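The exercises below are meant to be worked through with the structure open. Try each task before reading its solution.

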Amino acid sequence: MVLHVTALDTFVRFDAALAARYDRPGPRYTSYPTAVQFNEDFGTADYRAAVRASAEQRPDAPLSVYVHIPFCSSPCFYCGCSRVITRQRGQAESYLDRLQHEIAMQARLFTGGRRVEQLHLGGGTPTFLECAQLEALLGGLGAHFPLCRDERREFSIEVDPRTADGESIRRLAAMGFNRLSLGVQDFDPGVQRAVNRLQPQDETLAMIGQARDAGFRSVSVDLIYGLPRQTTDSFARTLDAVIGARPDRVAVYGYAHMPRLFKAQRRIREAELPDAAGRLALLGLSVARMTAAGYVYIGMDHFALPGDELARALEDGSLHRNFQGYSTRADCDLVGLGVTSIGSIGDCYAQNRKALPDYYAAVDADRLPVLRGLWLTDDDRRRRAVIQSIMCSTRVDYEEFGARWGVDFRDCYAGELAALQPLADDGLVELGRDGFRLTPAGRLLMRHVAMCFDAHLAAPDLAAGRYSRAV
């Protein structure tokens with residue numbers, strides 16, 4: 001069979017039997033190799049070398065910056081993020097002082113005026129900070145890095161609606177933020193009590209309108225299925241309420257219950273979690289409601305309105321995937337700032353120290369707080385390109401790949417193509433002479449297709465619970 005890999009099919013189909021058969025853990029592929037492979041042999045000297053090499057190869061390439069704000073005033077029991085629970089606002093000042101110092105150290109490496117076109121503040125809870133503190137943070141970034149101020153910029157911030165109001169939304173817009181991500185998870189009061197996140201529906205949905213009035217170009221909402229006490233009826237009400245507010249993007253994440261790794265999750269009663277069939281029903285409901293409402297399935301957990309930049313990037317082939325999920329800026333080096341943040345510079349990944357005392361000690365000693373990382377080999381770079389194509393384009397063209405990388409795809413990945421055959425037999429992929437592509441049913445299980453090309457994936461890592469379930 002000749003498989004023509006040209007026009008992109010954005011249709012997605014939920015197949016409950018197929019999803020149940022592949023409901024196994026696996027990486028999310030926000031990077032390849034994944035963070036499991038990072039090691040402490042990689043240090044600050046490696047990071048500096050990577051920045052120098054990138055500057056020589058792409059001196060005018062734009063930058064993407066991620067800033068991690070770790071603080072939350074109370075724990076959400078489902079959370080697997082790196083965060084510090086505190087009600088002592090003074091802790092933020094100590095952290096911001098070090099963050100400003102790290103910004104200055106990083107900026108000294110990136111000489112030549114490389115402009116920041118993409119900025120994301122995540123957490124934790126970035127809006128744990130007061131607006132004046134956020135303004136000072138943005139001022140520090142702008143003093144050391146050239147910040148894009150025109151319409152090309154994509155400056156986003158994660159907002160907990162419980163820590164913001166209309167006035168703070170307007171001030172965020174005045175700072176230059178033009179994308180807003182609202183954490184919702186679920187509006188059902190019983191579910192909220194079970195995960196320790198009480199959040200009024202009306203106030204949250206009103207914030208979408210407030211963001212638009214303030215001039216935000218895009219508003220996204222985060223939901224989670226698979227939480228304790230969730231039912232299809234209750235989650236349908238949440239989905240309908242969110243769809244009615246018409247945010248530009250919606251992420252519907254599957255809850256990853258990993259209490260061995262995340263202490264807060266031990267507060268969740270496992271008996272209250274949906275069983276496997278109930279979890280699949282919640283996923284099927286989410287796909288059906290979102291697509292029926294006109295949202296385009298981007299991949300993994302993401303949906304977007306047809307006119308959104310993510311949907312356009314999916315159509316024109318410029319969609320990218322990094323540590324923040326799906327993105328439109330594949331040409332940017334990613335600079336990670338703050339405790340535990342991860343950057344991607346050229347052919348390396350680098351992660352900052354994970355504990356606040358260690359991060360503080362490094363910065364106070366005027367050292368970059370790099371803890372670990374990884375240099376990509378030539379084989380890693382090629383495999384990363386294959387996995388990016390699977391996750392972002394839902395297809396791989398053998399001739400196009402060969403022309404770019406100077407290898408014969410069929411010969412180079414004969415074993416991987418053999419591993420794809422059972423997935424093809426199950427209807428996840430269609431294999432052709434000139435390439436392969438994911439089927440509408442396979443798009444929901446793209447992690448399993450990508451896993452066939454992961455040379456680092458080891459059975460002990462899968463068995464040790466280091467990855468979330470695929471559905």
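Predicted model: local features only at pLDDT ≥ 70, side-chain atom pairs only at ≥ 80, totals over all residues.

**Exercise 1: The surroundings of a strand residue**

Leaving aside neighbours within four places in sequence, S181 is in contact (heavy atoms within 4.5 Å) with I157, E158, V159, S220 and D222. State in which strand S181 is found, and decide whether S181 is buried or exposed.

*Solution.* S181 is found in strand β6, where helices (H or I, at least four residues) and strands (E, at least two) are DSSP runs numbered from the N terminus. S181 has a relative accessible area of 13%, so S181 is buried; buried means under 20% relative accessible area, exposed over 50%, and partly exposed in between, with a 1.4 Å probe and protein chains only.

**Exercise 2: Helix α5 and its partner**

Describe the ends of α5, the buried residues of α5, and how α4 packs against α5.

*Solution.* Begin at the N-terminal end of α5, which D165 caps with a side-chain oxygen 3.2 Å from the backbone nitrogen of E167. Within the helix, which spans residues 166–175, the buried residues are G166, S168, I169, L172, A173 and M175, and their cover includes α4 (131–144), β5 (154–159), β6 (179–185) and α7 (201–214). Just after α5, G176 takes a positive phi of about 120°.

Turn next to the packing: the axes of α4 and α5 are 11 Å apart, at an angle of about 10°. Because angles under 35 degrees count as roughly parallel, α4 is roughly parallel to α5. From α4 the contact is made by C131, A132, L134 and E135, and from α5 by S168, R171, L172 and M175.

**Exercise 3: A buried arginine**

Say where R447 lies and which residues R447 touches, not counting those up to four places away in sequence.

*Solution.* R447 lies in helix α16 (residues 446–451) and, at 4% relative accessibility, counts as buried. R447 touches G26, P27, R28, Y29, M300, M391, S468, R469 and A470. One of these, M391, is 56 residues from R447 along the chain, yet their C-alpha atoms are separated by 7.6 Å.

**Exercise 4: Backbone exceptions**

Which peptide bond is cis, with omega near -10°, and what is the phi of R246?

*Solution.* Most residues other than glycine have a negative phi, and most peptide bonds are trans. The bond from Y32 to P33 is cis, with omega near -10°, and P33 is found in the loop between α1 (16–21) and α2 (44–57). R246, which is not a glycine, has a positive phi near 55°; R246 is placed in the loop between α8 (232–245) and β8 (249–254) and is partly exposed, with a relative accessible area of 33%.

Notes: Residues numbered from 1 in each chain as written. Heavy atoms only, no water. Polar contact = N/O pair within 3.5 Å; in protein donor to acceptor, adjacent residues only side chain to side chain. Axes fitted to C-alpha atoms, helices over the stretch in contact; angles between N-to-C directions. Parallel < 35°, antiparallel > 145°, perpendicular 65-115°, else oblique.
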